[in-house]
Amino acid sequence: MKKNLTDNELMRLAIRLANENVDNGGGPFGAVIAKDGEVVATGVNRVTAQHDPTAHAEVSAIRAACDKLQTFDLSGCTIYSSCEPCPMCLGAIYWAKISRMFYANTKRDAAAIDFADDFIYHELDLPLSKRHLPSEQIMHEEALETFRKWAAKADKIEY
């Protein structure tokens with residue numbers, strides 16, 4: 001593939017991937033991760049094909065980029081997504097330390113075709129006791145031992 005692609009060319013690729021994915025039975029989402037104008041990895045939405053609710057385009061692209069570059073830190077990379085990322089994907093983008101993001105469609109555009117993530121944003125603003133998913137903290141002190149062990153570990157790889 002050509003090097004030194006422009007932002008528009010990289011976004012066009014993400015949109016093309018999304019279109020092809022629809023033709024191949026997947027969801028209408030595509031993503032490209034690039035570094036210095038060169039494609040590092042791509043991803044498409046394969047939630048239904050892989051029976052995996054986390055197989056969103058952005059997460060798939062992040063996994064492929066990390067595998068290719070043999071790192072969990074994608075600093076210096078840019079992600080091009082055919083749609084504004086959902087909360088899970090946005091979280092993954094931040095965790096991967098991706099430096100820039102471009103998107104084409106908005107979350108409102110996605111909601112208009114029944115891909116609505118608003119309920120997740122709403123849930124995050126609620127106290128645990130008011131959320132739709134019943135949640136209860138148990139065994140806190142026992143679990144803290146693992147955190148103490150990590151904090152004391154001299155050879156840990158921080159991320």
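**The surroundings of Ile 33**

Modeller: Leaving aside residues up to four places away in sequence, Ile 33 is in contact (heavy atoms within 4.5 Å) with Glu 38, Val 39, Val 40, Ala 41, Ala 61, Ile 62, Ala 65, Leu 74, Cys 77, Thr 78, Ile 79 and Ile 98. This is a predicted model, in which local features need pLDDT of at least 70 and side-chain atom pairs count only at pLDDT 80 or more, while totals for chains, interfaces and linings use all residues. Residues are numbered from 1 along each chain as its sequence is written, and side-chain values use heavy atoms, without hydrogens or water.

Ile 33 belongs to the largest nonpolar core, a set of 22 residues. Such a core joins buried Ala, Val, Leu, Ile, Met, Phe, Trp, Tyr and Cys residues through side-chain atoms within 4.5 Å, where buried means under 20% relative accessible area (1.4 Å probe, protein chains only). Ile 33, Ile 62, Ala 65, Leu 74, Ile 79 and Ile 98 have the most contacts inside this core. At least two of its residues come from each of strand E1 (30-35), strand E2 (38-44), H3, E3 and helix H4 (87-95); helices (H or I, at least four residues) and strands (E, at least two) are DSSP runs, numbered from the N terminus. H3 supplies the largest share, 6 residues. A second, separate core has 11 residues, including Met 11, Leu 13, Val 32 and Val 39; Val 39 is also one of the residues that Ile 33 touches.

Note on methods: Buried < 20%, exposed > 50% of the residue type's maximum accessible area, 1.4 Å probe, protein only.
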